[in-house]
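Got a minute to look at how some labels get attached to a model? Here it is.

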Amino acid sequence: MSTEPETTESAEPGKPEDAVRSGTPTDGPDADRPSADGPDAGEPDADGPGAEDAPGTDDSPNSADTTEPADTTDSTDTTQPADTTEPAAAEGSPQLSEAEAELLAQKLERERIEQRKAEKKGPIASGTKLSGPAADLLAAVRAVESGEKPVAAVFDEPRPAPRRAAPEPVRRPQPVPAAPAAPDTPAPQTVDGVRRVLTAGSAPEALAPQVAAALGEGAEELLREDPWQLLRVTGVRPEQADGFARALLGAECRPDDERRTRAVTVWLLEQAALAGHTALELSALATALARQGVPDADAAVQSTLAEGEALVFQDALDEPGARPGTAPSTPAASSAPPAAAGDGADDTEGEEERPVRVLVGLERYALAEESLADGLARIVNSLSKEPSPEWEAAAAAASGSTAELIRAAAGHGLVLHTGGEASRAEPAALLTVARGLGLRAVAACHTPDGRRRFAALLGAEDPVVTVPGLLAGTEGPGRDAEGALDLDVLVVLDAPQLDVEGAAMIVESLPDGARLVLSGDPAVLWSAGPGRVFADLLAARTCPQVASRTPDPGPLGELVSGVGIGELNQVDAPGKEVVIVPVRDAGEAVHRTVQLVADSVPRALGVPPEDTVVITPGHGGAAGTRVLNAALKERLNPGPGRFGGFDPGDRVAYSPAPGRTVPGQVVGADAEGLHLSSADGAVVVPKERVEQAVRHGWALTAHQAVGSRWPAAVVVLPGDAAQALSRPWVYTAFGRGERHLSVVHGVEQALPRAVAEVTAKPRTTRLPVLLRSQVPAAQ
C-alpha cells in the first residue's frame, strides 16, 4: 500500500477494569458535587459507555467505542439501549417526536413482556451446596420460594415439547393502530421543587429537569429523604452524589448508610449494562462496591435484593461428564429480603454437587433476556421442518452459500447467516425467493444507509426498512389484530448490533410460524446496548448457521478480511484504495486529517468532503471527535455557531434515542428548535435537547459509524489511543470506506499488536444458558 497520496501536502482511552474509583461521603468537600457543564460532564474520553465505571475485571467488555451516557450522541452509550418502538398515531392526533414515541412504544412492549412472564408458572426453587455470601443470597431466594422444589428437580427440567408443525402463515387483515398517548413530562412545580433541593445541596440547578424526569412525581420529597437518588440521573457519579448528600445531611451522611450502599449497587449494575453486561458475577460486584467505599458489600447486595431493585440468579456451569439430560442452568430470581436458610435447607443432602455461578442483575435486562430466550424457542419450535417443493426448486436454482441459506430458511424458523459486505447479496436473494413464493418478506437494517445499500441489491425499496422504523410502526407492514408484525419472513441485517432489549422486542413481535434470519458480520463491534445476542446465538448452536463464502473484493476487502483473522497485511493498492499517513503527535494528526478530507482525497480521488467520514477511537483526547470536528468545521463550514454551536450546513450526528446515531445536516433553527435534514427525513430537535442529542458529525466514533458506509474513510489513530484499539475496532473502522481508506497512523506497533492480540472482551450474559435449557442444539 502507498504511504500517502501523490497530491497530499507535506482519545484518552480507559480500561473498564481499572475504572471504578473509590469514594466515600468524607472525600473532598466540593469536587464531588455534580456538574451540569454540558454533555461532557462526567464522561469517559474513550468512546465507551461507562468505560471508566464498569465493575469487574475479566468480565468487562470491550467498550472502548461506545459513547458515554452524558454525551448522548451514541449513548450505549447508552444509559439504556435504543428504545425503538413508536406506535403510529391515528389520523388527527398530535404527532410525537421520534424519541418520545420510541420510549412510549418500548414501555408498552415491556408491559406486554411482563404480562407474558406473569402467565408462566411460579418461581423455580433452586439451590446447591454453597458457602459464604452466595449461600446467604440463595437462602434469601429459598425464603421466598419456600423450598418447594429440590435441586435435582430444578436441574432435571423436562425436555422441550416436540416441535409442532405449522403451515405457512395466512395473511391477516391489518387494523388501524390507535393513537398513542403523550408520554408523561415533569410538571413545572415538580421541577421547581427539585431545583430548591439541588440548590440546598450545592448541586447545579440545571440538573432539575433530568432529576424530576428520573424520579417522577414526589421527586422533591424523595430527594430530600434519599440524596443518593441523584445517582439515577445520567452522568452523575457516586462521589458527586456523596458531596450532595453531605450538604443535605451533614453529620448523618455515612459511608455505610443503607440508602447509599443500595444506590451505589444499582449504579454499578447500570454502569455494567452500559459496558455491555446483562448481569454481574457476585464476586465482581462485591469488588466494585469495595472500590466505591462500601464497607459491607454483602449487606449492600442483600439490601438491594430486599428492596426489589435487583435480582439474583444461579446458573449451573458446564462440566465434563455432567449428568445427561440435565439442564445446565436454573434461573433463580428474587427480590426477597435476606434470610437465614429455612425449610428445604436439607433438601440438597445426598445430591451431587455442581459448580454454579451467582449473578446479580437489573430486572429490565433479566426480563428482556428471558423473554428473548422464550421467543426464540417459540420460533424454532413453531415451523414445520418439511420444506415445500417450491423452496427446493428455488434452492436448486441458486448456488454456493446462497443455496445453503435458502434451504436452511425453508425448513427452519431461525437461521443465522454470517459474512462481510459482499455477502449481503445472499439474504437479498433469499428475500426475493420468499416474496416470489407469495410470502410477506421484509428486511430490516440497523441504519438508513444500510437500508439504502440493501434496497440497491434488491432493486426496490418496498421490502426494506430500518429496525427502529419497523418496531415503531413507521416503516414496514405494521401489526396484525394480535399485535404481531404482519409478515412471514423477517431478515435482520447488521445482527451484531442487536442488544437484548431490541432483540426481545423483535422476537416478541413475530407471529407463530414466521421465519427469522439474522445476518451480519461477527467480526464487527458488538451492540451499543447490553448483551451480545448474535455472538451468543452463534455460540449456542441452537439453529442452522450459514457462513458466506463470498469475499469482499479489491484491496480494501483484502485488508479488512485479513484484520478479521488477526493479520494486518500490506496490500497492493494501485488505485490509491489504501493510504497510510504517518504522524508524530496528535496535533499533526488533526492537521493531516483536515488536509486529507478537504484537499487530498477530493483532488486525488474525486470524493467530495461530504462523502468522507473521519473515524477516531473516542470523543475526548487531543485527536478525539470534539477536536477533529472543531477543526473540520473551521475549514469546511466556518461560522459563529449561532444555534447552540451549530450553523446551517454543519454535518451533525443526531441521536434520537440512546445507542442510535443518524447522520444529518443543519438546515436552520427557530423557536421550535434545531432543524435537521437526514436520511430519516426532516427532523426538529427541541432546544432543550440539542446539547444532549446533537454533535457535529464530520468525525465519528466506530460505534457511531457501524452499520453505515461512505465512499471514503479517514481513520485517525493518535498515539494516546493505543490502549483503546482492538481487533473488532480496527475491523469496523477500516471497513467503513467503500472506495478509499486513509489511515492517519501515530500508534506505531500498537496497531498490528491490537489486530493480532486484542480481541473483544467478554460480556457477562445469560442468553446461552437460557437457550440451552429450552432449545436442543442443532444437529
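Predicted model: local features only at pLDDT ≥ 70, side-chain atom pairs only at ≥ 80, totals over all residues.

Residues are numbered from 1 along each chain as its sequence is written, and side-chain values use heavy atoms, with hydrogens and water left out.

Q: Why are helix 4 and helix 5 called roughly perpendicular?
A: Their axes, lines fitted to C-alpha atoms over the stretch in contact, with angles from 0 to 180 degrees between N-to-C directions, cross at roughly 115° and come within 8 Å. Angles under 35 degrees count as roughly parallel, over 145 as roughly antiparallel, 65 to 115 as roughly perpendicular and the rest as oblique. So helix 4 and helix 5 are roughly perpendicular. Helices here are DSSP runs of H or I with at least four residues, strands are runs of E with at least two, and both are numbered from the N terminus.

Q: What makes the contact of helix 4 with helix 5, and how do its residues divide?
A: Contact means heavy atoms within 4.5 Å. Helix 4 brings Thr190, Val191, Val194, Arg195 and Leu198, while helix 5 brings Ala208, Pro209, Val211 and Ala212. They split into seven nonpolar, one polar and one charged. For the bookkeeping, Ala, Val, Leu, Ile, Met, Phe, Trp, Tyr, Cys and Pro count as nonpolar, Asp, Glu, Lys and Arg as charged, and the others, Gly among them, as polar.

Q: How do you know whether Arg196 is buried, exposed or partly exposed?
A: Check its relative accessible area, which is 47%. Buried means under 20%, exposed over 50%, and partly exposed in between, using a 1.4 Å probe and protein chains only. Arg196 therefore lands in the partly exposed class. Arg196 is found in helix 4 and, leaving aside neighbours within four places in sequence, touches Glu220 and Arg224.

Q: What makes strand 14 and strand 15 a pair?
A: Two strands pair if DSSP finds at least two bridges between them. Strand 14 and strand 15 have five bridges, in the antiparallel sense. A hairpin joins the strands through two residues, and Ser678 stands opposite Gly681.
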